[in-house]
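Please keep the structure open while reading.

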Amino acid sequence: MRRIRSWMLVGMMCCWGAVSMRAQTVADELRDDVRRAAGMHYALMLQDLQDTPPPAEKRPFYINHYGCPSAYYLERHEFYDDPYRTLSRADSLGKLTEMGQKALQKVAQLRNEANHRTGELTTVGKRQARELVRLLTQRLPEMITDQTYVDMRSVVQNHCLLTMGEAVVQMSIAHHPLFINIGASHRSQNWMNPQDKRLEALRDDSTAMARYDEFAARWAPDNTHLMATLFNDAEYAKSVDAAALSRQLFDLAGSTQYTEEFSLRECGVAKRSKEMGSKETGMSLFDVFEPEDIHRHWMRRNAWAYIRYGGCTLNGGHQPYIQRKPLWNLIHQCDSVMALDFPVVHLRYTHESTVMSLICLLELNGFGLRTDNLDSLEAWGWVDYRIAPLGGSMMMIHYRTDKNDPDPLVRVLLNGREAQLPIPSDVAPYYHWQDVKRYYLRKLYAYAREWDEE
C-alpha cells in the first residue's frame, strides 16, 4: 500500500511540477531578466532559500556536489575581436548610427577588459563561487565541524580551478580549523569529465544535424531591426554579414553580465546599482535586439544544447549516458561514506556541459525528457538556464540517524532548490536512498546490457 500511495504522490507532484513550470513562460522570464538569454552562460546568483526539514531524528552526514564553473570571460579573444573589427571599420567610414557608436563603445570596453584574461573568472564569478559555499554552510551548519572531511576536486580547466579556489577560501572562512583536501589532475577525468567516442560520434548524427538546421532556419532572427539600428547606410549594411554580426553581438550581450559594473545594468535595476556603488554604463548590448529576436537566438541555442547533452532521440537519445561513470561514482561514494562516523563533503567542479548531461541522466525535474520534437522543448520546460547555468550545481545531501541506520535518505538540490527525482517517495523532497540507488543501478545496468559493456 505504501508503494501505491507513493506512486500516487509522485504522479501528483509531476502534475504540480508541470503546472508550476508552465506558470511562467520563457518569454516572461526573459522579459524579467534578459540575461537568461545567455542560456548555459547565464550567471546564476543564488539567494537564501527555504529548506524542507528532514524527518524526525534524521541528520545530514554526506554532501556530494557537482558544480559548473562560475562566470568567466569568453574563452577565445575572437569573440571580442570579430564584432569590434566590423563595427570599428563601419565607424571609420561614418556608417554607424548613434546607437551603433554606443554599441561599438560597449564592445571596445568589453574587449579591453577581457584582454589577456580569456577563461578567467570575472568579479561576478568569484562572488558566485563564494556565495554557493556560504549558503551551503549556512543551510547545513551541522556539516561543518572540527571532524568534517572536505574533499574538493576540479577538472584541469582554468575557470573550474579558479571556481574551486574561491570555494576553498570561503569554506575555510566558514569554520577553522577545517581539514580540506584539494586536487586537480587528469586522473579524475573518468568520473568528472568522461569521454565516450561512440556517443560523441552519434552526437553530430546527420539526421539530428539536418533537423537542427531546419529548426534553426525556421527560427532565425530577422536582423532587419538590428542592421537598421547599427548602420545609417542601407547599402553599406548589405555588405555586412548580418547573421554573423547578430550572433557575435548576442554572445557579447550575454557576457556583459559577468562583470560587476555591467551585470546590474543588464537587469535594469538602476536603483540597486546605485545602492551598491556600481557605475552607470549606458546601454546594454541587448538593446540593439528586438525581444522576439532575443527569444529566437535563445531557442536555437537551447535546441543545440538539447541535441548535444540532453535526451534528444534524433541522435539516439543516449547522450546523457556519457555521464554514467559520474553516476556510478555518486552511488559508490555514498555507500563508502556510510560506514564513517564523521561528516564528509565532496565538492566537484567541472564543465557546465558535463553537469547538464548528468542532470539529464538523473532525470531531475523532468529534464530527462526524450523527444525528437525540438519545437516542444519550451512547452515541456527543457530550458538550458534552468538546468546548468554558470554557478549552477547538482547536490546530493544524505541523511541518517547514525551509521547503523538501515534507511538513510537523500535530498537533491538543483541550483540551490529542492529537486524532484523520478522515484516514488512518501517523504518527498526526501527519498529513501535504497530506492534511489535501485532505480539508477537498474538504469545503468539496462544501458550496459543494451550496449554490451563490460
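## Cavities, pocket and packing

The second largest cavity has a volume of about 60 Å³. The model is a predicted one. Four cavities of 30 Å³ or more occur in the structure. H5 gives the most residues to the lining of the second largest cavity, and H5 also gives the most to the lining of the largest cavity.

**Second largest cavity**

- The lining residues are His-65, Gly-67, Cys-68, Ser-70, Gln-128, Ala-129, Leu-132, Thr-163, Tyr-349, Gly-391, Gly-392 and Ser-393.
- H5 contributes three residues, the most of any element.
- By class, the lining has four nonpolar, eight polar and no charged residues.

**Largest cavity**

- The largest cavity holds about 90 Å³ of space.
- Its lining is made up of Leu-46, Gln-47, Leu-49, Leu-132, Leu-135, Leu-136, Arg-139, Leu-140, Ser-393, Met-395, Leu-413 and Gly-416.
- Two or more of the lining residues come from each of H5 and strand E5 (393–400).
- H5 gives four residues to the largest cavity, the most of any element.
- The lining of the largest cavity counts eight nonpolar, three polar and one charged residue.
- Leu-132 and Ser-393 line the largest cavity, and Leu-132 and Ser-393 also line the second largest cavity.

**Packing of H5 on H6**

- Helix H5 (residues 123–139) and helix H6 (residues 158–174) have axes that come within 8 Å and cross at roughly 40°.
- The two helices, H5 and H6, are therefore oblique to each other.
- H5 and H6 make a right-handed crossing.
- H5 brings Lys-126, Ala-129, Arg-130, Val-133, Arg-134 and Thr-137 to the contact.
- H6 brings Thr-163, Glu-166, Ala-167, Val-169, Gln-170, Met-171, Ile-173 and Ala-174.
- The contact of H5 with H6 has seven nonpolar, three polar and four charged residues.
- Ala-129 and Thr-163 belong to this contact, and Ala-129 and Thr-163 also line the second largest cavity.

**Packing of H3 on H12**

- Helix H3 (residues 78–92) and helix H12 (residues 242–255) have axes that come within 9 Å and cross at roughly 125°.
- H3 and H12 are therefore oblique.
- The crossing of H3 with H12 is left-handed.
- On the H3 side, the contact uses Phe-79, Tyr-80, Asp-82, Pro-83, Thr-86 and Leu-87.
- On the H12 side, it uses Leu-245, Gln-248, Leu-249, Asp-251 and Leu-252.
- Seven nonpolar, two polar and two charged residues form the contact of H3 with H12.

**Packing of H3 on H4**

- H3 packs with helix H4 (residues 98–114) at an angle of about 140°, and the axes are 9 Å apart.
- H3 passes H4 with left-handed crossing geometry.
- From H3, the contact takes Tyr-80, Asp-81, Pro-83, Tyr-84, Leu-87, Ser-88 and Asp-91.
- From H4, it takes Gln-101, Ala-103, Leu-104, Val-107, Ala-108, Leu-110, Arg-111 and Ala-114.
- The class count for H3 with H4 is 10 nonpolar, two polar and three charged residues.
- Tyr-80, Pro-83 and Leu-87 of H3 meet H4, and Tyr-80, Pro-83 and Leu-87 also meet H12.

**Second largest pocket**

- The second largest pocket has about 1000 Å³ of volume.
- It is lined by 33 residues, and those closest to its centre are His-41, Phe-79, Asp-251, Arg-301 and Trp-304.
- Phe-79 and Asp-251 also take part in the contact of H3 with H12.
- At least two lining residues come from each of H3, H12, helix H15 (291–309) and helix H17 (352–362).
- H15 has the largest share of the lining, seven residues.
- The lining of this pocket divides into 12 nonpolar, 10 polar and 11 charged residues.

**Backbone geometry**

- His-176 and Pro-177 are joined by a cis peptide bond, with omega about 0°.
- Pro-177 sits in the loop between H6 and strand E3 (179–183).
- Ala-428 and Pro-429 are also joined by a cis peptide bond, with omega about 10°.
- Pro-429 sits in the loop between strand E7 (417–418) and strand E8 (430–432).
- Asn-223, a residue other than glycine, has a positive phi near 70°.
- The loop between helix H9 (206–218) and helix H10 (224–230) holds Asn-223.

Conventions: Residues numbered from 1 in each chain as written. Predicted model: local features only at pLDDT ≥ 70, side-chain atom pairs only at ≥ 80, totals over all residues. Heavy atoms only, no water. Axes fitted to C-alpha atoms, helices over the stretch in contact; angles between N-to-C directions. Parallel < 35°, antiparallel > 145°, perpendicular 65-115°, else oblique. Left-handed = near helix turned anticlockwise from the far one by under 90°. Contact = heavy atoms within 4.5 Å. Nonpolar A, V, L, I, M, F, W, Y, C, P; charged D, E, K, R; others polar. 1 Å grid on protein atoms, 1.4 Å probe; cavity = no way out; pocket = protein on both sides within 12 Å on 5 of 7 lines; lining within 4 Å. Points joined across faces, edges and corners; volume = space filled by probe spheres on them.
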